[in-house]
Amino acid sequence: MPATATLSTDFLRPALPPLTFEAVVDRCGRTMGFLTATVRDRHGSVAAKCHGTVPIDGSSRFLNDTAS
């Protein structure tokens, strides 16, 4: 089951297609990964920046406990 610990997005300007998405792993620990995604518009200007924290195994510990 996918899970996200945190996710925030800064919308900086309107963007018209085509859009370019770039994702970077800022840091990867034993249990959590810290990611940044940048969205650029057709002129290469940054339209949005997203920051997120996700579990490395892709699941939530609490969801595993309640699964049947």
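Two strands are taken to pair if DSSP finds at least two bridges between them. In the predicted model examined here, strand E1, which covers residues 6-11, and strand E4, which covers residues 46-55, pair by this criterion in the antiparallel sense over 6 bridges; within this arrangement, threonine 9 stands opposite cysteine 50 in E4. Strand E4 is also paired with E3, again in the antiparallel sense, over 9 bridges, and phenylalanine 34 is placed opposite threonine 53 in E4. The hairpin formed by E3 and E4 has 5 residues between its strands, and in this hairpin glycine 44 takes a positive phi near 90°.

Threonine 38 lies in strand E3, which spans residues 32-40. Because its relative accessibility is 9%, and buried means under 20%, threonine 38 counts as buried. When its neighbours within four places in sequence are left aside, threonine 38 is in contact with Thr20, Phe21 and Glu22, as well as with Val46, Ala48 and Lys49.

For the chain as a whole, the secondary structure comes to 1 helix and 4 strands, and these elements follow the pattern β-β-β-β-α when read along the sequence. Among the contacts between residues at least 6 apart in sequence, 51% join residues that are at least 24 apart.

Definitions and conventions. Residues numbered from 1 in each chain as written. Predicted model: local features only at pLDDT ≥ 70, side-chain atom pairs only at ≥ 80, totals over all residues. Heavy atoms only, no water. Helix = DSSP H or I, 4+ residues; strand = E, 2+ residues; numbered from the N terminus. Buried < 20%, exposed > 50% of the residue type's maximum accessible area, 1.4 Å probe, protein only. Contact = heavy atoms within 4.5 Å.
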